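Please open the structure in your viewer and keep the selection tool at hand.

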Amino acid sequence: MSQPVETTYRECVKQAIREAMIRDQRVFLMGEDVGHYGGCYAVSKGLLAEFGEERIRDTPLSENAFTGIGIGAALGGLRPIVEIMTVNFSFLALDQIINNAATLLHMSGGAFNVPLVIRMATGAGRQLAAQHSHSMEGWYAHIPGLKVLTPATLEDARGMLWTALEDPDPVLIFEHVMLYNRSGTLAADAGPVDIAKAAVRREGSDVSLLTYGGALYKTLEAADKLAEEGIAAEVVDLRVLRPLDTATIVASVARTRRAVVIDEGWRSGGVSAEIAARIMEQAFWELDAPVERVCGLEVPIPYAAHLEQAALPQVEGIVAAARRSLGR
Amino acid sequence: MARQPGHSIVARFSIEAVRCIDAAGRAVGPLPGFAADKRELAALYRGMVLTRTFDQKAVALQRTGQLGTYASSLGQEAVAVGLASAMRPEDVLLPSFREHGAQLWRGVAAEELFRYWGGDERGSDFAAARADWPVSIPVASHVPHAVGVAWALQLGGAPRVAVCVLGDAATSKGDFYEALNLAGAWALPVVFLVCNNRWGISVPVERQTAAGTLAQKALAAGIEGIQVDGNDVVAVREVVAGALDKARRGGGATLVEALTYRLGDHTTADDASRYRDSAEVSARWHEEPVARLRAFLTAQGLWSKDEEEALLGECHAAIEAAAEAYRATPPAPPTAIFDSLFATLPAALEAQRREVARRGGD
Ligand SMILES: Cc1ncc(C[n+]2csc(CCOP(=O)(O)OP(=O)(O)O)c2C)c(N)n1
Ligand SMILES: [Mg+2]
C-alpha cells in the first residue's frame, strides 16, 4: 500500500470519477452544471478541462430525459455516470429509474442489463430546505432491480464508484451533503471496494448501533459518549441499503443482544423499519431489549437552522436510545 | 419553393417580436395608450426601482449572514413589473423564484419576501395576494399547476387568468411541454411568461436548446407564441395585457418569451465569473431596463432630478423598514415544524411533536 495522503470526501469522489474515465474510454459524466460550473457540490471541478465536453456533459435542465438517455447510452455500450443535483430532483426522473432502469432486464427476458450509475447528493444539514434535503435512499432501497450505496468513509467514496461501474445492473450512489468537506487520510492508490457488505466501524459488546451515510459520524460520537459511561457500543456502517447485508447485522446483534437503528430518513416505512423487522425475523431470540430507532422527524426538512437541527437525529438522542435499550 | 409531386406545405409558422422603447430610451413607434399617462409610466418606473432596491438589500443581508441563499432579479425588473402591471388583482400569479418585482407589485410585503428568503416559510403565507402561489423551487413543476389553476378559474366562470413565470432552462423540461400541450388542448385561460435571461445557472440558452426562439415552443402545442423585449417594461406590459385579454375572452393560452439578461450571479451561492465572460455582462448593462425607462422619461421631459431623488429615498426607506421588521420577527418555535404539515396533526405524530417540545424548550 502506498503512502497515505490528506484528502477530502469530495476529492475522493472526484478522483474516483477521474480514474474511471482514464481507465475506461466508455465512461462519461453527465448532468446539470457538471462541466463549466464543476458540479453543484464542486465534485467535478477541473474535469471538463481534463476530459473535454464529449465526456463531461452539461445537459439541458431535464432530469427525466438525461436519466433515460443514460439508460440508452448504457445499453448502447457506454458506461454513463449520471449526476443528479440532489435526491429531490431525482423524483423528476422516477419513471426512468423505477419503471425502466430497474425493470429492463426483466422486461427484456434477461437480454438487457442496464450498467448505469446514478450519483446524487442526499441529506440535510446545509439549510437547503424542504426541496433539496431529504434522505430518500431507504425509499429507493425498496425497489427490486436497483443497488443502493451510501458511502460514508473516504475509502468508500473513492472505491465504490469503481465497483459500481463494473456492475452489470443499475447502481444508485447517495453522497450525503454533510460529508463532502470531511477530511482524512487515504492511501494514494486506494482502489475498488466491495458493494455487498456492511462494515463494523467500531467494536463493542453492549449495544449495536446500526447506521449509514451522514449519520455514521454522529453515531461514532455517540459511541464515544457511551464509552465514557462504561457502555461499549458497536457501530455498524450498513454501506449498502440494497441488497442489505443482514448477516453482519444479525451477527452484531447476536453479540450485543441490543440494537439501535439510526437513520436520518423518515421513520414510518423507512430503512429503520426494515432493519428492525429483519432483526425480529432472524435474531428475535438473541435480543434482551426491544429494538430502538432514532430517525429524522416526519416533517419536510425546514430551512431555518434551528428547525432543521430539531428535525434531525442528534448525538444526545442516540445516546439516550442506547441507554434505554440497556435499561439505564 | 420547388416541390415534388405529392408534396405540399401544410403549415407555416412565424414568431412576432415586440419592442416599444429601444435600449437608448427612444420610442420605436407609436406607444400603447397607457403610455400617454405619465402616472402610469412613473408607476412602472417606481416598481422597477423598488425591485432593484429590494434586491440590493437582500444581497447585502445575505452577505452579512442575515438572509439565506438569494436569487437576485438584477436586470430583469421589467419582466416582473411589466407582467404584474398587466394583471388584475383577481388573476393568479405562479412565479418561479426571480419575480420579486411582480410579487411586490401585487401586494406581497417586502418583509414577507425577506422572511421567506431568510428561511422562514411563514413568509409565503402572504397577507395580501392570497391566491398567489409561493415560489417554485423544483424548476418548471409549477407549470402544470398553472394549467390546473386556469382550469379551475375557467370552471369558476369569472374572467380570471393564471400567469405562470418560468426561466429559459425550465423550457427544457417535460412537465413544461406536457402542461403547454394540455393548456392548448383545453383552451385554458393561462399565460406562460418565459423569462429568457439567457442563462440557466452555468448553461447558456444556446446550449440549452437548438430552438431559435423559446416562443416557438408554443406552436407545437397549438397555442400562440410571441416574443417581447423583456428590458422594455412598456412592451412587456402591452404584450402580456394582450395575452390576458385574449384569455379573458375565451381565446385560450399564450406563451410570451421575454428576452432579458441575468446581470447578476445565479444566486448568492454562485460566482458567475467562473463560467461567464465579464465583457458579455458589461455589454448587456447598456440594455438594462431601469436606465432605459429613465432615459425615455427624461427625454420626454417627464422626469426630473428631484423626482428621481425623492423616489430613491422613498424606496430606500420602505425597504429598510421592511428589513428592520424582518429582523425583528421572532424565530418560529421548534414545534412549528409540525404545525403546517396537516390541517390537523394525526395522533400518530403527536409523540414526535411532544419530543421536540421537550427538547426545544417551548
Ligand atoms: C427540477 C430541478 N432541477 C434542477 C434544479 C436546480 N436549479 C435551480 S435553478 C436552475 C436553473 C434555472 O434556469 P432558468 O430556468 O433559466 O431560470 P433562471 O435561474 O435563469 O431564472 C437549476 C438547474 C431545480 N431547482 N429543479
Ligand atoms: Mg435563465
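The stops below concern an annotated domain, a pair of helices and a ligand site.

The model shown is predicted.

**First stop: the annotated domain.** Select residues 46-332 of chain B, which the UniProt annotation, from an unreviewed entry, labels "domain: Dehydrogenase E1 component".

**Second stop: a helix pair.** Two packed helices are described by the angle between their axes and the distance between the axes. Select helix H1 (residues 38-63) of chain B together with helix H2 (residues 77-86) of chain B; the angle at which they pack is about 135°, and their axes are 9 Å apart. H1(B) is therefore oblique to H2(B), because angles over 145 degrees would be needed to count as roughly antiparallel. The crossing of H1(B) past H2(B) is right-handed.

Which residues make the contact between H1(B) and H2(B)? Display the side chains of Leu44(B), Gly47(B), Met48(B), Thr51(B) and Arg52(B) on H1(B). On H2(B), the partners are Glu77(B), Ala78(B), Ala80(B), Val81(B) and Ser85(B). By class, the residues of this contact comprise 5 nonpolar, 3 polar and 2 charged.

**Third stop: the ligand.** Select ligand 1, which lies between chains A and B. How many residues surround ligand 1? There are 20, and the closest are Val139(B), Gly167(B), Ala169(B), Ala170(B) and Gly200(B). Colour the shell around ligand 1 by class to find 11 nonpolar, 4 polar and 5 charged residues.

Key: Residues are numbered from 1 along each chain as its sequence is written. Chains are lettered from A and ligands numbered from 1 in the order in which they are written. This is a predicted model: local features need pLDDT of at least 70, side-chain atom pairs count only at pLDDT 80 or more; totals for chains, interfaces and linings use all residues. UniProt positions are given in the numbering used here, feature names are shortened, and annotations may be inferred rather than shown by experiment. Axes are lines fitted to C-alpha atoms, for helices over the stretch in contact, and angles run from 0 to 180 degrees between N-to-C directions. Helices (H or I, at least four residues) and strands (E, at least two) are DSSP runs, numbered from the N terminus. Angles under 35 degrees count as roughly parallel, over 145 as roughly antiparallel, 65 to 115 as roughly perpendicular and the rest as oblique. A crossing is left-handed if the near helix is turned anticlockwise from the far one by less than a right angle, and right-handed if clockwise. Two residues are in contact if their C-beta atoms, placed from the backbone, lie within 7 Å. Ala, Val, Leu, Ile, Met, Phe, Trp, Tyr, Cys and Pro count as nonpolar, Asp, Glu, Lys and Arg as charged, and the others, Gly among them, as polar. A residue is near a molecule or strand if its C-beta atom, placed from the backbone, lies within 6 Å of it.
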